[in-house]
Amino acid sequence: MAEAGSFADRVKQQADIVRVVGEYVRLKKTGKDFSGLCPFHQEKTPSFTVSPIKQIFYCFGCGKGGDVYNFVMDMEKCEFPEAVKVVAEKCGIAIPRQKERSPEERKENQQRSVLVEMHREAQTFFVKQLEGTLEGKAARAYLEDRGLDKDAIARFGIGYAPSGGDALLRQLKSKYNEKLLVDSGLVSRDQNAGRLFDRFRRRITFPISNESAKIVAFGARALGDDMPKYLNSPETPIYSKSNVLYHMDRAKDALRRQDFAILVEGYMDAIAVARAGISNVVASCGTSLAEPQIKLLGRFTRRVIVNYDPDTAGQAATERSLSLLLEHDFEVRVLALPPVGDKKADPDLFIRERGKDEYLKLLKEAPPYVDYLIARARQMDLTTGEGKQRALNFLLPYIQKIPNGIMRSEWATRIAQQLRIDEPLLRSALSKAAKERRGVITTRPEMSGRAAKPVERRLIRMLAEAQGFRQELAKHLQDARLYHGLETEKIFAALVIASLSGQPLQATEVGAVLEERDRRLLFEILFEEANEPTWEEAMSCIEALQHRQAEQELADVQRSIEANPAAPELRGLLEKKQELMRRLAAAR
Ligand SMILES: [Zn+2]
């Protein structure tokens with residue numbers, strides 16, 4: 001978080017949260033604050049509030065809240081350092097160059113930027129080859145045949161790696177040493193002769209960019225019948241296959257806007273779908289998704305339509321990806337395209353042959369994953385008991401992942417009907433399987449909806465805002481142990497620590513150490529209409545708390561006396577009772 005004096009802190013001091021949020025949300029002034037429709041949940045009346053004084057926001061509807069960085073992190077689905085950059089840029093604050101920590105780190109960073117530079121040069125080279133050489137001409141004819149015109153070639157940076165075997169190598173050799181060339185993955189070394197040569201030869205090249213739109217690898221498709229048909233960059237210091245989704249750099253906006261992703265297998269598919277005007281498409285560029293890719297995607301949306309190839313490998317990949325997506329709590333639908341003529345259709349072929357409207361229509365109708373799976377199971381041989389058992393074993397692991405019990409039960413009925421399996425039998429298999437698996441407990445943040453007592457609310461507000469005396473007040477509360485046992489105890493404890501530090505309050509940081517319901521309550525209290533706090537008011541709140549505490553103690557003492565009237569400590573208890581009654585009477 002923004003440590004005092006850090007760059008992030010300086011940016012936060014200068015940034016105006018109302019202006020930054022105002023770029024995303026239409027805000028209206030209401031009293032001291034601003035309000036608008038929450039960008040994080042659907043609503044018709046504004047419950048999203050921004051305070052220019054406190055420089056925080058809070059949504060009374062969904063409970064999201066925090067400072068300008070939290071807002072940008074949620075909006076842009078990015079991490080903290082990225083959010084600092086975004087806010088700095090919006091406010092015209094120059095971003096200092098990052099300090100590297102150790103010499104090794106500096107060397108690694110240097111190597112990485114050299115490798116990125118090499119990829120940029122390779123990209124220029126491949127594009128030139130496609131544009132200006134005889135061989136490139138043949139490649140262009142192939143691309144045109146696949147429906148990729150000049151615009152598409154330029155838009156997706158498609159290029160060509162010539163057949164010679166060392167054309168790129170010759171280009172790069174003068175500037176980079178052998179180790180770097182090999183490390184880049186653009187150049188390979190002959191195992192026997194030790195000679196260097198181009199990794200990609202006689203292939204159409206597709207630049208693969210990371211999330212920040214830097215080219216870090218290439219995918220390459222053979223022009224002729226060379227094997228393999230598709231060849232990708234190897235793992236390098238700047239590229240790890242499982243960390244990158246093709247087209248992610250361009251899909252970000254659309255993913256956020258539409259809140260769902262279309263997941264396809266290869267770059268040709270992603271390009272075809274994106275060209276059809278559907279920008280929220282990404283490709284896994286491998287047969288199935290890897291966990292880091294799912295996490296990357298999850299920063300933008302939790303809804304996915306999987307549209308893999310209809311061949312056996314594609315089906316297996318779909319099912320593996322399904323498992324992983326469900327484990328990560330994604331809402332998943334599956335689009336299995338019908339064949340075009342007698343050909344099985346991947347998205348690329350389908351859109352070329354049947355057009356984008358037809359594709360869009362099928363996309364809209366894409367069924368939930370369970371329907372897809374039932375359809376798959378029905379293709380199995382269901383005439384024998386064994387066959388049915390196999391179909392059931394295929395389905396069970398997925399059905400178990402349905403988090404909602406009622407839904408799970410409905411699906412069980414449907415599966416039983418469609419596969420003609422005895423329903424009680426199916427249910428017992430399901431519950432047996434459920435007992436065996438580890439319980440997955442998903443907790444949802446509950447709405448706070450708590451009516452903490454006004455006195456507590458008032459004191460919390462003062463601890464947060466009363467610049468003149470919050471430190472003093474915190475000491476008082478702590479010494480008298482006044483907030484112990486209160487419903488708001490944890491909020492008090494966090495605020496007391498923050499106040500004793502003497503630093504101005506960072507509501508977000510206090511919120512970060514609290515449980516969700518406490519964090520919400522804190523933000524609600526901070527946004528309440530309130531008068532300027534005074535020390536007199538603070539003291540009267542404290543008296544009220546003391547009174548309440550005494551009443552509580554009195555009740556406890558009374559209970560102890562009644563529970564065991566013959567106890568040896570009875571006398572002590574009675575004395576204590578007298579004293580508490582005196583105290584309460586005096587306070588009245
Ligand atoms: Zn909201």
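Visitor: In β4, which residue is the bridge partner of T49?

Guide: Start with the general idea. Backbone hydrogen bonds pair the strands of a sheet, either parallel or antiparallel. Here, T49 has Y58 of β4 as its bridge partner. This is a predicted model: local features need pLDDT of at least 70, side-chain atom pairs count only at pLDDT 80 or more, and totals for chains, interfaces and linings use all residues. Residues are numbered from 1 along each chain as its sequence is written, and side-chain values use heavy atoms, leaving out hydrogens and water.

Visitor: How many bridges join β3 and β4?

Guide: First, the names. Helices (H or I, at least four residues) and strands (E, at least two) are DSSP runs, numbered from the N terminus. Two strands pair if DSSP finds at least two bridges between them. Strand β3 (residues 48-51) and strand β4 (residues 56-59) have four bridges, in the antiparallel sense.

Visitor: What is the strand order of the open sheet of five strands?

Guide: Read it as β1-β2-β3-β4-β5, with antiparallel pairing. Its edge strands, β1 (28-30) and β5 (65-66), each pair on one side only. Helix α24 (residues 516-526) packs on this sheet and touches β4 and β5. Contact means heavy atoms within 4.5 Å. The direction of α24 makes about 110° with that of β4. Such angles run from 0 to 180 degrees between N-to-C directions; axes are lines fitted to C-alpha atoms, for helices over the stretch in contact.

Visitor: Is the pairing parallel or antiparallel in the open sheet of four strands?

Guide: Parallel, in the order β13-β12-β14-β15. The edges are β13 (281-283) and β15 (331-334). From one strand to the next, the twist averages 30°. Strand β12 (residues 261-264) pairs with β13 over three bridges. In that pair, L263 has V282 of β13 as its bridge partner. Helix α11 (residues 267-275) lies across β12 and β13, at about 170° to β13.

Visitor: At what angle do helices α20 and α22 pack?

Guide: About 25°, with the axes of α20 (residues 454-465) and α22 (residues 489-500) 9 Å apart. So α20 is roughly parallel to α22; that term covers angles under 35 degrees. The crossing is left-handed: the near helix is turned anticlockwise from the far one by less than a right angle.

Visitor: Which residues make the contact?

Guide: On α20, E456, L459, I460, L463 and A464. On α22, I491, F492, L495, V496 and S499.

Conventions:
Angles under 35 degrees count as roughly parallel, over 145 as roughly antiparallel, 65 to 115 as roughly perpendicular and the rest as oblique.
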